[in-house]
Structures are given as C-alpha cells and as structure tokens.
Amino acid sequence: MNNSEDPKNAARDRAILMQTPNGVLLVDKETKIQFVNPAFRQMFQCPNEDLLGQPAAKFIHSDCFERAIAAGGRLMVKESIPEHNVSFRAGIFPIEGEDLFCGIFIDISDEEEARKHYRELRAHTLQRAQEVISRQMKTAQEIARLLGETTAETKVLLVKL
C-alpha cells in the first residue's frame with residue numbers, strides 16, 4: 001500500500017478539503033460535478049442543492065472548466081458573478097491518473113470591493129480638486145479685474161493732476 005492509500009492520509013486529505021476556506025470542485029471531462037466542498041457551496045450560494053452530476057457552469061456562471069480542458073487542463077482565471085456578489089480567482093488543473101479536473105476557488109470579493117471603493121474615492125477626490133481649481137481661477141480673474149479697474153482709475157486721476 002502506498003502512502004496516499006493509507007486510511008489516515010485519506011481521512012486527513014478529506015478533512016483538509018472539507019475545512020479549507022477555498023472552494024474546491026472536482027469535475028469529469030464533461031464538466032459534471034463529482035465533488036464539492038462546503039466553502040464552494042457557501043461562496044456560490046448553493047448550500048442545500050444537490051450539485052453532484054450537475055454541470056459546473058450552472059453554479060459558477062463561467063465556462064472556465066471547458067476552457068481549461070480545451071487548453072490542455074490548466075487554467076488560471078479571475079471572474080465576477082454580480083448576481084451573487086462574488087468575485088473569485090480559480091486555478092484549474094487535471095488530477096493525475098484520473099479523468100477529473102480540480103478547481104480551487106478563492107473568494108476575492110472583499111479585495112474587489114476595496115479596489116472599487118478606492119477607484120470611486122480617487123474619482124471623487126479628483127472631481128473636488130477640479131472644483132477647487134475652478135473657484136481659484138474665478139477668484140484670480142476677479143482680483144485681476146478689480147486691480148485693472150483701480151489701476152485705470154489711478155491713471156485717470158494722475159492724468160487729471
């Protein structure tokens with residue numbers, strides 16, 4: 001018996017798959033789901049659905065497994081599913097010696113939300129800076145107009161003297 005067939009190792013491997021915060025999905029060559037862990041169910045909001053035998057694309061709203069298989073089995077993707085408010089990075093790879101493909105899904109929703117917030121904050125700050133510059137330009141023009149008027153009045157007064 002090799003090391004991977006040891007019941008202790010199998011139990012440990014299963015515990016890791018069930019406890020990891022990353023979604024794990026195993027599919028066959030037709031991209032039908034063969035295994036799903038709890039983190040995947042939570043990430044893709046399908047906690048009570050029977051996923052086994054279902055097409056993966058139905059839940060991940062992506063053809064990334066099909067693309068991975070077409071590309072020889074390995075693929076890294078970054079995608080968003082707005083209707084589920086989830087963004088993820090996924091690494092897809094073949095399982096050696098089996099006709100299965102594994103997808104590891106990492107939830108990056110918080111990172112994407114922070115990035116969106118930063119872009120909005122930057123755009124708002126730029127807009128406010130433009131408004132301040134415009135007011136300063138108007139003030140400078142008003143000051144220049146007033147200086148011009150008083151200079152002209154002074155010149156008229158000096159000519160009269």
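Helices here are DSSP runs of H or I with at least four residues, strands are runs of E with at least two, and both are numbered from the N terminus. Keep in mind that this is a predicted model.

**Stop 1: the whole chain**

Colour by secondary structure. The protein has five helices and five strands. The spans are about 115 × 30 × 30 Å.

**Stop 2: surface and charge**

Of the 161 residues, 29% count as buried. Next, select the charged side chains. There are 21 positive and 24 negative ones, and the centres of the two sets lie 10 Å apart. For contacts, take pairs at least 6 apart in sequence: 34% of them join residues at least 24 apart.

**Stop 3: the nonpolar core**

Hide the surface. Select Leu-25, Phe-40, Phe-44, Phe-65 and Phe-105. These have the most contacts inside the largest nonpolar core, which has 24 residues. The elements that give two or more residues to this core include the strands β1 (23-28), β2 (33-36), β3 (75-81), β4 (86-95) and β5 (100-107). The helices α2 (38-43), α3 (57-60) and α4 (64-70) are on that list too. Which element gives the most to this core? It is β4, with four residues.

Stay on Phe-44 and show its neighbours. Leaving aside residues up to four places away in sequence, Phe-44 touches Phe-59, Ile-60, Ile-81, His-84, Phe-88 and Phe-105.

**Stop 4: Cys-102**

Move to strand β5 and pick Cys-102. Is Cys-102 buried or exposed? Buried means under 20% relative accessible area. Cys-102 has 5%, so it is buried. Show what surrounds it. Beyond residues up to four places away in sequence, Cys-102 touches Val-24, Leu-25, Leu-26, Phe-65, Gly-91, Ile-92, Phe-93 and Ile-95. Then draw a distance to Ile-33, which is 69 residues away along the chain. The two C-alpha atoms are separated by 9.9 Å.

**Stop 5**

Most residues other than glycine have a negative phi. Two loop residues here are worth a look.

Select Gln-45, in the loop between α2 and α3. Its phi is near 50 degrees, a positive value in a residue other than glycine. Gln-45 counts as partly exposed, at 44% relative accessibility.

Now go to His-61, in the loop between α3 and α4. His-61 is not a glycine, yet its phi is positive, at about 50 degrees. His-61 is partly exposed as well, with a relative accessible area of 39%.

**Stop 6**

Finish at Glu-98, in the loop between β4 and β5. Glu-98 counts as partly exposed, at 47% relative accessibility.

Note on methods. Residues numbered from 1 in each chain as written. Predicted model: local features only at pLDDT ≥ 70, side-chain atom pairs only at ≥ 80, totals over all residues. Heavy atoms only, no water. Buried < 20%, exposed > 50% of the residue type's maximum accessible area, 1.4 Å probe, protein only. Contact = heavy atoms within 4.5 Å. Lys, Arg positive; Asp, Glu negative; His and termini not counted. Charge placed at Lys NZ, Arg CZ, Asp CG, Glu CD. Core = buried A, V, L, I, M, F, W, Y, C linked by side-chain atoms within 4.5 Å.
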